[in-house]
Amino acid sequence: MSMTRKPSSLPTPSKVLAWEEFIEVTGVTPEHLQELVSLGWIETRISASQAQMFHDADIYRVRKLERICGDFELPVVGGTIIVDLLERIDRLERMVRDLHGLED
């Protein structure tokens, strides 16, 4: 009798959302979302039914973009630059922390 665990046959939770779901969760207007997709700032997947699907990780990014643009009265392009830079800083800070952990 084998004691190894069998892989689960349950489906993994979806990490993508349909257009309507993404709009509902983020509160962004369809026009604004289309602008972000057109800019290439948000990448979509195409489903078997040819519907655009969005990564769930982009929910946080879009909410942050909306907040920054609203708070500072920035155009979308300016907000995307700021969000990209904040993400880059976060990545670099994590790398520095990891490097410091290696030195201990």
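Predicted model: local features only at pLDDT ≥ 70, side-chain atom pairs only at ≥ 80, totals over all residues.

I begin with a pair of charged side chains: Asp90 and Arg94 form a salt bridge, with their closest N and O atoms 2.9 Å apart. A salt bridge here is a side-chain nitrogen of Lys or Arg within 4 Å of a carboxyl oxygen of Asp or Glu. Both residues belong to helix α4 and are four residues apart, about one turn of the helix. Asp90 is partly exposed at 35% relative accessibility, and Arg94 is partly exposed at 39%. For these terms, buried means under 20% relative accessible area, exposed means over 50%, and partly exposed lies in between, with a 1.4 Å probe and protein chains only.

Residues are numbered from 1 along each chain as its sequence is written, and side-chain values use heavy atoms, with hydrogens and water left out.

Let me now turn to the chain as a whole. It contains four helices and three strands, in the order β-α-α-β-β-α-α along the sequence. Helices (H or I, at least four residues) and strands (E, at least two) are DSSP runs, numbered from the N terminus. Of the 104 residues in the chain, 26% are buried.

How do helices α3 and α4 cross? The axes of α3, residues 58-72, and α4 come within 9 Å and cross at roughly 125°. That makes α3 oblique to α4. Axes are lines fitted to C-alpha atoms, for helices over the stretch in contact, and angles run from 0 to 180 degrees between N-to-C directions. Angles under 35 degrees count as roughly parallel, over 145 as roughly antiparallel, 65 to 115 as roughly perpendicular, and the rest as oblique.

Which side chains link these two helices? Asp84 and Arg61 meet in a salt bridge, at 3.1 Å from N to O. Asp84 lies in α4 and Arg61 in α3, so this pair ties together parts that are 23 residues apart in sequence. Arg61 also forms a salt bridge with Glu87, at 2.8 Å between the closest N and O atoms. Here too the pair links distant parts of the chain, Arg61 in α3 and Glu87 in α4, 26 residues apart. Arg61 is buried, at 15% relative accessibility, whereas Asp84 is partly exposed at 32% and Glu87 is partly exposed at 22%. The whole structure has four salt bridges.

The loop between α3 and α4 holds Glu73. Its phi is near 50°, a positive value in a residue other than glycine, and Glu73 is exposed, with a relative accessible area of 73%. Gln50, in the loop between β2 (44-46) and β3 (52-55), also has a positive phi, near 70°. Gln50 is exposed at 62% relative accessibility.

The C-alpha atoms of Arg67 and Gly79 are separated by 9.1 Å, and the two residues are 12 residues apart along the chain.
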